[in-house]
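Dear colleague,

Please find below the structure that I am handing over to you, with its sequence. My notes on what was found in it follow directly after.

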Amino acid sequence: MKRNTFYLLAGIVALAEVGIFWLSVSLENPIPIQVAFVLGVILLYLARRRVEETIEDERTAMITQKAALRTLEVSWVIFFVLSLGSAVIAFSRPLGLRPPRPGPEEVFPTEALELPVFGGFAIFQMTLLCLMIFLYVGFRVYYARKYGEWDTDEEQD
Amino acid sequence: MENGIPMKNRIKVYRAMHNLTQEALANAVGVTRQTILAIEKGKYDPSLELAFKIARYFGAPIEEIFLYDEPV
């Protein structure tokens, strides 16, 4: 498989994933997008192994490693700060053993784990994940520029 | 480059001597053309393995192609 064919396939898979996401939303069923996402990742992984030209080498691996490390360094600080906030909220309530359910409502409100709360938590998780992806892409671009990814010379096509 | 020690190389000269494109050299040593370009421009120092591969491809000692300017 040619390198450009692989990139074309990756684009098609990404578009298909967007379509299946909206299908899942309209069906109100998360299974299609979850299955499609895993299948898409496996398909791209298998396709990448069939690319005959070199698309990864030690320099691209180094760029990837550096970007991933910087993303991790920033992300853990963000996650830790948010977790600290959650811990403060948790410890602001009365400590000790949780009273038997249903228990006094003011100590552990029964509506705390209802579906809208889970939905909000999922959106919050997705926001953090998107933030990580943006960070990674930003660092990837920075290191790619630093190590000559888009440099041109007289041999440039 | 990474630690500020200037590493120079003569890959471009050797390519010209062998009438070789960056793409051909990249294919021969198993890297991308951008990596050869980055090495030539001094933006990336190759691993020891890649440096040996390039030197052996040109049939020259490694120190003929890669020059290490140790700071005095």
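B:Ile36 touches B:Ile11, B:Gln22, B:Leu25, B:Ala26 and B:Val31, leaving aside residues up to four places away in sequence. Please bear in mind that this is a predicted model. B:Ile36 is also one of the residues with the most contacts inside the largest nonpolar core, together with B:Val29 and B:Ile54. That core has 20 residues. Two or more of its residues come from each of these elements: α3 of chain A, and α2 (22-29), α3 (33-40) and α4 (48-58) of chain B. The largest contribution is that of α4(B), which gives 5 residues.

Confidence

The model scores ipTM 0.84 and pTM 0.73. For chain B the average pLDDT is 88, and 89% of the residues score at least 70. Within chain B, α4(B) has the highest confidence, at 95, while strand β1 (residues 7-9) has the lowest, at a mean of 87.

The two chains

Chain A has 4 helices and 0 strands, in the order α-α-α-α along the sequence. Chain B has 5 helices and 2 strands, and its pattern reads β-α-α-α-α-α-β. Of the 157 residues of chain A, 6% count as buried; of the 72 residues of chain B, 33% do. Among contacts with a separation of 6 or more, residues 24 or more positions apart account for 67% in chain A and for 58% in chain B.

Helices of chain A

Helix α1(A) has 25 residues and reaches 36 Å from its first C-alpha to its last, close to the 36 Å expected at 1.5 Å a residue. How many of the 25 residues of α1(A) are buried? The number is 0, so α1(A) lies largely in the open.

Helix α3(A) covers residues 58-92, which makes 35 residues. From first C-alpha to last, α3(A) reaches 50 Å, close to the 51 Å expected at 1.5 Å a residue. The buried residues of α3(A) are A:Arg59, A:Ile63, A:Ala67 and A:Thr71.

The contact between the chains

The contact takes 11 residues from chain A and 14 residues from chain B. On the side of chain B that touches chain A, the largest share comes from α3(B), with 4 residues. By type, the residues on that side of chain B divide into 5 nonpolar, 7 polar and 2 charged.

B:Gly30 is placed in the loop between α2 and α3 of chain B. Which residues does B:Gly30 touch, not counting those up to four places away in sequence? They are A:Thr54 and A:Asp57. B:Gly30 counts as exposed, because it has 12 C-beta neighbours inside 10 Å and the cut-off for an exposed residue is 12 or fewer. B:Gly30 and B:Arg15 are 15 residues apart in sequence, and their C-alpha atoms are 16 Å apart in space.

Positive phi angles

A:Glu28 follows α1(A) and is found in the loop between α1 (3-27) and α2 (31-49) of chain A. Is A:Glu28 buried or exposed? A:Glu28 is exposed, with 6 other C-beta atoms within 10 Å.

B:Asn19 is found in the loop between α1 (11-17) and α2 of chain B. With 7 C-beta neighbours inside 10 Å, B:Asn19 counts as exposed.

Yours sincerely

Notes
Residues are numbered from 1 along each chain as its sequence is written. Chains are lettered from A and ligands numbered from 1 in the order in which they are written. This is a predicted model: local features need pLDDT of at least 70, side-chain atom pairs count only at pLDDT 80 or more; totals for chains, interfaces and linings use all residues. The expected span of a helix is 1.5 Å times one less than its number of residues. A nonpolar core is a set of buried Ala, Val, Leu, Ile, Met, Phe, Trp, Tyr and Cys residues joined through C-beta atoms within 7 Å. Two residues are in contact if their C-beta atoms, placed from the backbone, lie within 7 Å. Ala, Val, Leu, Ile, Met, Phe, Trp, Tyr, Cys and Pro count as nonpolar, Asp, Glu, Lys and Arg as charged, and the others, Gly among them, as polar. pLDDT is the predictor's confidence in each residue, from 0 to 100.
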